[in-house]
Amino acid sequence: MFSLALVTLAVLGMVSTQPPPPDASCFQRGAVTVDECCNIPKTVDSAVMEKCRADNPRSENMPAPGVPKTEGCCVMQCILAETGGFSNNALNTDAIKRALASTVGADANFAPTLNDAIDNCARQIQSDPAYSVAPIAASPDRAGCSFIPQGFLNCLHTTLFKSCPAAVWTESSDCQALKQKLDGGCPYYSQLGRGPKN
């Protein structure tokens with residue numbers, strides 16, 4: 001009985017110290033998506049993306065929007081691990097920069113700001129203790145996936161989006177509203193346009 005209470009307290013402690021879940025309103029689609037506002041090149045090589053999606057099929061036990069997750073995104077962890085950008089629960093910014101140099105870094109619009117965005121996001125995520133919480137796997141047949149890769153990639157895409165160069169930015173009130181939504185704490189990935197339209 002005592003051990004059950006201890007386990008319950010440990011789980012509650014981990015859930016309460018992990019990154020807070022985004023508000024459910026973040027997942028309500030607006031008139032445009034982030035891709036329609038800023039043409040950010042793909043950051044991940046297609047072969048790496050396909051491998052990581054195949055190795056980490058989408059779970060049917062995903063928590064509803066606004067509900068705390070017990071682990072980070074396994075696909076994002078796989079992507080960073082495959083490129084050497086994440087191991088032993090730490091980001092390797094040099095490896096991330098090398099991997100992104102041939103994707104988004106090869107675009108003249110984003111190359112000037114990419115390395116600073118990588119350094120700033122890595123510093124921000126790794127210094128926030130909420131991202132270092134031990135994950136609890138959604139499936140008992142594998143280890144839990146870290147919150148760090150998801151937090152880092154969200155920060156990186158948000159930073160690139162919010163500083164989108166004029167040459168690839170669509171100026172509109174809807175796109176400005178998306179920037180405000182991101183400023184309000186909504187994750188970049190919630191604005192890709194997969195949820196229900198308002």
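Angles under 35 degrees count as roughly parallel, over 145 as roughly antiparallel, 65 to 115 as roughly perpendicular, and the rest as oblique. Axes are lines fitted to C-alpha atoms, for helices over the stretch in contact, and angles run from 0 to 180 degrees between N-to-C directions. Helices are DSSP runs (H or I, at least four residues), numbered from the N terminus.

This is a predicted model, where local features need pLDDT of at least 70, side-chain atom pairs count only at pLDDT 80 or more, and totals for chains, interfaces and linings use all residues. Residues are numbered from 1 along each chain as its sequence is written, and side-chain values use heavy atoms, without hydrogens and water.

Start with helix 6 (residues 111-126) and helix 7 (residues 148-162). They pack at about 140°, with axes 9 Å apart. The two are therefore oblique to each other. Their contact (heavy atoms within 4.5 Å) includes Leu114 and Ile118 from helix 6, and Phe152 and Leu156 from helix 7. The residues of this contact divide into 11 nonpolar, 4 polar and no charged.

Now follow helix 7 to helix 8 (residues 173-183). This pair packs at about 145°, and the axes lie 11 Å apart. Thr158, Phe161 and Lys162 of helix 7 meet Leu178, Lys179, Leu182 and Asp183 of helix 8.

How far can the model be trusted? Mean pLDDT, the predictor's confidence in each residue from 0 to 100, is 84 for the protein, and 83% of residues reach 70 or more. Over residues 1-16, pLDDT stays under 50. Where pLDDT is low, the predicted coordinates should not be read in detail.

Conventions
Nonpolar A, V, L, I, M, F, W, Y, C, P; charged D, E, K, R; others polar.
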